[in-house]
Amino acid sequence: MKKVLTVCPYCASGCKLNLVVENNKIIRAEGANGVTNQGELCLKGYYGWDFLNDTKILTPRLTQPLIRRQKGGEFEAATWDEAIEYVSSRLAKIKAEEGPDAIMLTGSSRGPGNETNYVMQKFARGVVGTNNIDCCARVCHGPSVASLQMTLGNGAMSNSINDIENTKCILVFGYNAADSHPIVARRILKAKENGAKIIVCDPRYIETARIADLWLPLKNGSNMALANAFLNVLINEDLYNKEYVERYTEGFDDMKAVIDKYTPEYVEEITGLKAKDIRDAMQMYASAPSATILWGMGVTQWGQSVDVIKGLSSMALVTGNLGRPGVGVGPVRGQNNVQGACDMGATPKDYPGYQKVADPKVREKFAKAWGVTSLPDNPGATITEVPHRILEGKIKAYYVMGEDPLQTDPDLSLMREALSKLDLLVVQDIFMTKTASVADVILPATSWGEHEGIYSSADRGFQHFEKAIEPTGDVKVDWEIISLMSTALGYPMKYKNTKEIWDEMRVLCDLYAGATYEKMAGLGYVQWPCPTEDHPGTPYLYKGNKFDRPNGKGLLASADWIPPKEQINEEYPMVLCTVREVGHYSCRSMTGNCRPLQTLADEPGYVQINPFDAERLGIKDQALVWVESRRGKVITRANVTPRANKGAVYMTYQWWIGACNELTLDHLDPISRTPEYKHSAVKVYSI
Ligand code: SF4
């Protein structure tokens, strides 16, 4: 029996745990004393390893390469040589005939780790010759990255997860911590126990609302109006820090011109909130000696998400709640390594370390290091633009690594149609996901637990995870598969291990240059920026109120409220908002194959509906119902609960039967290209 120290593969809380292993099987998981979890785990950490034992609960693991040589034909087993030759020759042909931008690739925010994301973006840019590389940050915290880079200079949490309990006021905006990051929820609870005031802005009565000093149940789709009203109260009722604003910020007059009309009384109709409650919230926030804003998908998955985050960032700036412990802005990233996929440049506009594709000096540096003559300068496609680009004939090949767009992306009927038009769909994964089931080629990879590497948690913390067991079947580590593909395309990649990849990356990124494997050994935790090997890492950003913008000042900004794209009407009278289920994660391919988690919550999922609406519609609790939008309909189970507000229903996106993304709209934020998952018009009726 042995204990192997690793990092949980589900949410980005970055919990360290020990896998107890006997005869190459996992026996149990134990919480380790990691910086963010301090020995605690949630139930996914305790039970989310079961799939590694190949228990074949729902979906067998992929164990050998598969090729579908004819559209509509069956998969055939293949050797690795055959699969690499098949994919590389097809990619070469598409590149020669259609150009490199006819090929789209993804990084993975899940099991593979940072080194694999580095290798994948190098393969995309240096070998294929395209910036068409993206990851699921696009459907998650892409708006936080884009917005905070503009206002503060870095698109990440300013402070640390373990710093949350030191703050004296937490504004929780569109963030259901208990279901999405239970260990962060524990930090919020500890802050409360330490005397912090808690303000929750959410249409639903989420778990955190139960401990809130003030719960603001705003109407679905009114985030921007509320953020502007918050700023209006702070500025026009003299609750802001004038000296801080004058010394450390710019853009005050432009921001004020936008927010001036958003008085609490003006937004009462838009938000459904009482003006007094909005004022009370800002009294609480501004009067606290230290205050933190945490947000999640309830802020980011909107057509106006980048603007809302500018507003939240401006609230922190005008009250001086940045640049010291116990304060800050906290976009709490979703998947375990979604921060890492962005850190490593698996996005269309950034190289690793957030160095810009558009900067010729950056391109020159990477071209020289990689030994290629040039690198593409045009920004690549985002994953949310892929279906449209396929249907327009611009993308012909899609190489999907460790993601399942046919489960997680909006408007699945559109996605299905688009994928069917591809010349080549390659899926590199561990399970036969929905996307894998329609692929032309499947490349079976090792899972978390079967390889090592580095993950980045939501607060910029690099941690090492170890290999626990030997994989079964003819599978390969993700970065090895990409290296073989690259070599077959004429650019030999001969990495021996993840450390070699990491060290190549460090040399190219000042932000991470001092984050060595040695520092991350055991329980080591290194938060970027970490520019030199004697640097301890950075628990909080913007020390001395110096912002990472050209003039060192934080940018104050906001925007007028824009109503949600798809409005309810007589035919589709309710709002569908997608949410989280604590027992499962993401597309559910891993948690859905863990027996304890399956027992906790199983298909066909559920739709949360308010008792008033349920009675009006003749729907009983636990009854099977249809939920239908303009794009499709699904069957699911009614969960009649007063936690849902009147006029809205809530579904999680994990379920394969009752997949709510059959219903969602692919309206995108104009800057981040993130979909408006939180507001689709639907009708609900009994079967
Ligand atoms: Fe920690 Fe998140 Fe894993 Fe739960 S799912 S153990 S909160 S990292």
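**Entry 1**

I called a residue buried if 20 or more other C-beta atoms lie within 10 Å of its own, exposed if 12 or fewer, and partly exposed in between, with C-beta atoms placed from the backbone. Helices (H or I, at least four residues) and strands (E, at least two) are DSSP runs, numbered from the N terminus.

I note that the model is predicted: local features need pLDDT of at least 70, side-chain atom pairs count only at pLDDT 80 or more, and totals for chains, interfaces and linings use all residues. Residues are numbered from 1 along each chain as its sequence is written.

I then listed what Val172 touches, leaving out residues up to four places away in sequence: Ala177, Ile198, Ile199, Val200, Cys201, Thr208 and Leu294. A contact here requires C-beta atoms, placed from the backbone, within 7 Å.

Is strand β9 (residues 197-201) mostly covered or uncovered? I found it mostly covered, since five of its five residues are buried. Lys197, Ile199 and Cys201 point one way from β9, while Ile198 and Val200 point the other way.

I checked pairing next, where two strands pair if DSSP finds at least two bridges between them. Strand β8 (residues 169-173) pairs with β9 in the parallel sense over five bridges, and the bridge partner of Phe173 in β9 is Cys201. Strand β10 (residues 214-216) also pairs with β9 in the parallel sense, over three bridges. Val200 has Trp215 as its bridge partner in β10.

**Entry 2. Domains**

I recorded the division of the chain into domain 1 (2-53), domain 2 (66-138 + 337-463 + 472-527), domain 3 (142-332) and domain 4 (574-686). These bounds come from an automatic or database domain assignment. The C-alpha centres of domain 2 and domain 3 are 34 Å apart. Their contact takes eight residues from domain 2 and seven residues from domain 3. The side of domain 2 that touches domain 3 has three nonpolar, two polar and three charged residues. In these classes Ala, Val, Leu, Ile, Met, Phe, Trp, Tyr, Cys and Pro count as nonpolar, Asp, Glu, Lys and Arg as charged, and the others, Gly among them, as polar.

**Entry 3. Ligand shell**

Which residues come nearest to the ligand? Of the 13 residues around the ligand, I noted Cys8, Cys11, Cys15, Cys42 and Gly45 as the nearest. A residue counts as near if its C-beta atom, placed from the backbone, lies within 6 Å of the molecule. The elements giving two or more residues to this shell are α1 (43-47) and α6 (182-193). By class, the shell has eight nonpolar, four polar and one charged residues. Domain 1 and domain 3 both give residues to the shell, so the ligand lies between them.

**Entry 4. Other sheets**

I traced an open sheet of seven strands with mixed pairing, in the order β5-β4-β18-β17-β16-β6-β7. Strands β5 (76-77) and β7 (133-134) stand at the edges with a single partner strand each, so one side of each is left without a neighbour in the sheet. Within the sheet, β17 (residues 424-429) and β18 (residues 441-444) pair in the parallel sense over four bridges, and Val426 stands opposite Val441 in β18.

Strand β28 (residues 680-686) runs antiparallel to β23 (residues 574-579), joined by three bridges, with Ser680 as the partner of Leu576. Strand β25 (residues 624-629) is joined to β28 by four bridges, again antiparallel, and Val627 is partnered by Val684.

**Entry 5. Backbone geometry**

I found a cis peptide bond from Trp528 to Pro529, with omega near 0°. A cis bond also joins Glu603 and Pro604, where omega is about 10°.

Asn23, not a glycine, has a positive phi of about 50° and lies in the loop between β2 (16-22) and β3 (25-31). Asn23 is exposed, with 7 other C-beta atoms within 10 Å. Asp238 has a positive phi near 60° and is exposed, with 9 other C-beta atoms within 10 Å.

Notes. Contact = placed C-beta atoms within 7 Å.
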